[in-house]
Amino acid sequence: MSDLLSSPAQQPITEMLDAATVQSIADDVWTSLVGDGEVLVPLPVPAPEVTVSAWVQITGRWCGAVVVTCDEATAVALTECLLRARPPAVIEQEDVDDALGELANVLGGNVKSLLPELSSLGLPQTGPIPPASRPEDLCRVDAQWRGQSLTITVQGATPAPHTERNEVPQ
Amino acid sequence: MRALVIDDSRAMRRIVGSILEDFGYEVRPAGDGREALDVLEEGYLPDLACVDWNMPVMDGLQFVSAVRSNPAYRSVALMMVTTESETSQIVRALAAGAHEYMIKPFTADAMRDKLALLGLLPQEVSL
């Protein structure tokens, strides 16, 4: 796990990109992957009590994750949209994890390209949201899709001294 | 025409595959570079391979290098389809032997344009 940890003094992500940039990336991703006319509206609605998240790790001079979080029904609806051309008869949890992970992957790849130095991108993961580090090392877009809450965060990894308690879940 | 779509994401395999099928391609999916090499070694020789970069087991760059090092696969056009969008990464992929490079997210129109550049757009598909 050591390669996924930030240094205690890494430059905050907010000095490299802002929420408007993340929203712009998401707009492109939604149009291309989710579907024509599908819009991620940058107006927050109350977050659901139970959420699912998918994320990719970015490792480089800046270490952190790009995380997509929504409720289960929204994740299933996103999956149906991504698979619109040839949906399986039954959408299984594996399909949902895969689709939400791919959204995080494409968002993460585009975020990575904006970082000042070449970084590497991990494979998508799903599960409980990974812990964020300092509040200033977090860029967050609270939005809605089809009226449901969807959040994208670009968050610094937990600094090394706290990793025993805050390891990113597998 | 035949295409091999290599991506560890089932959703992305379906998205890329359905676009290619709309253009008249017969599509075969593979979940990583090793699985795709197995398909080639079986004798399935596609006109085009769409290759993701970040995959488990064998990544896209390793797959491209393996294909380019085998003269039997010389006719396969290799298109990276990936989130890796830094110029240095594009240069690495092209240096390894990829013929074209497409950054996710992309549209069907962008795929059509890339196929036309490769001379792999069926004649019945208009630009």
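Predicted model: local features only at pLDDT ≥ 70, side-chain atom pairs only at ≥ 80, totals over all residues.
**View 1. Chain A in outline.**
Three helices and six strands make up the secondary structure of chain A. Their order along the sequence is α-β-β-α-α-β-β-β-β. Chain A has 170 residues, and 50% of them count as buried. Its accessible surface comes to about 7,700 Å². Carbon and sulfur atoms account for 53% of that surface. Among contacts between residues at least 6 apart in sequence, 73% join residues at least 24 apart.

**View 2. The five-stranded sheet of chain B.**
Chain B contains an open sheet of five strands with parallel pairing. The strand order is β2-β1-β3-β4-β5. Strands β2 (26-30) and β5 (100-103) of chain B stand at the edges. Each has a single partner strand, so one side of each is left without a neighbour in the sheet. Neighbouring strands of this sheet are turned against each other by 20° on average, direction ignored.

**View 3. The β1-β2 pair of chain B.**
Strands β1(B) and β2(B) run parallel and are joined by five bridges. B:Arg2 stands opposite B:Glu26 of β2(B). B:Ala3 has B:Val27 as its bridge partner in β2(B). Together with α1(B), the strands β1(B) and β2(B) make a right-handed β-α-β unit.

**View 4. Strand β3 of chain B and its two partners.**
Strand β3 of chain B spans residues 48-51 and is covered on both faces. B:Leu48 and B:Cys50 lie on one side, B:Ala49 and B:Val51 on the other. All four of these residues are buried. Toward strand β1 (residues 2-6) of chain B, the pairing with β3(B) is parallel and uses four bridges. Here B:Ile6 stands opposite B:Val51. Strand β4 (residues 77-82) of chain B also pairs with β3(B) in the parallel sense, over four bridges. B:Ala49 has B:Leu78 of β4(B) as its bridge partner. Between β3(B) and β4(B), the chain crosses through helix α3 (residues 60-68) of chain B. This β-α-β crossover is right-handed.

**View 5. Helices against the sheet of chain B.**
An open sheet of five strands, in the order β2-β1-β3-β4-β5 (chain B), forms the setting of this view. Neighbouring strands are turned by 20° against each other on average, direction ignored. Helix α4 (residues 87-96) of chain B packs on this sheet and touches β4 and β5 of chain B. The direction of α4 makes about 145° with that of β5(B). Helix α5 (residues 108-117) of chain B lies across β3, β4 and β5 of chain B. Helix α5 runs at about 175° to β5(B).

**View 6. A helix of chain A packed on a helix of chain B.**
Helix α3 (residues 93-112) of chain A packs with helix α1 (residues 10-22) of chain B. Their axes are 7 Å apart, and the packing angle is about 75°. The helices α3(A) and α1(B) are therefore roughly perpendicular to each other. From α3(A), the contact is made by A:Glu94, A:Asp95, A:Asp98, A:Ala99, A:Glu102 and A:Val106. From α1(B), B:Arg10, B:Ala11, B:Met12 and B:Arg14 take part.

Key. Residues numbered from 1 in each chain as written. Chains lettered and ligands numbered in written order. Heavy atoms only, no water. Helix = DSSP H or I, 4+ residues; strand = E, 2+ residues; numbered from the N terminus. Buried < 20%, exposed > 50% of the residue type's maximum accessible area, 1.4 Å probe, protein only. Contact = heavy atoms within 4.5 Å. Areas by Shrake-Rupley, 256 points an atom, 1.4 Å probe, with all protein chains shown as cover. Pairing = 2+ DSSP bridges. Right-handed = clockwise from strand over helix to strand, strands pointing away. Axes fitted to C-alpha atoms, helices over the stretch in contact; angles between N-to-C directions. Parallel < 35°, antiparallel > 145°, perpendicular 65-115°, else oblique.
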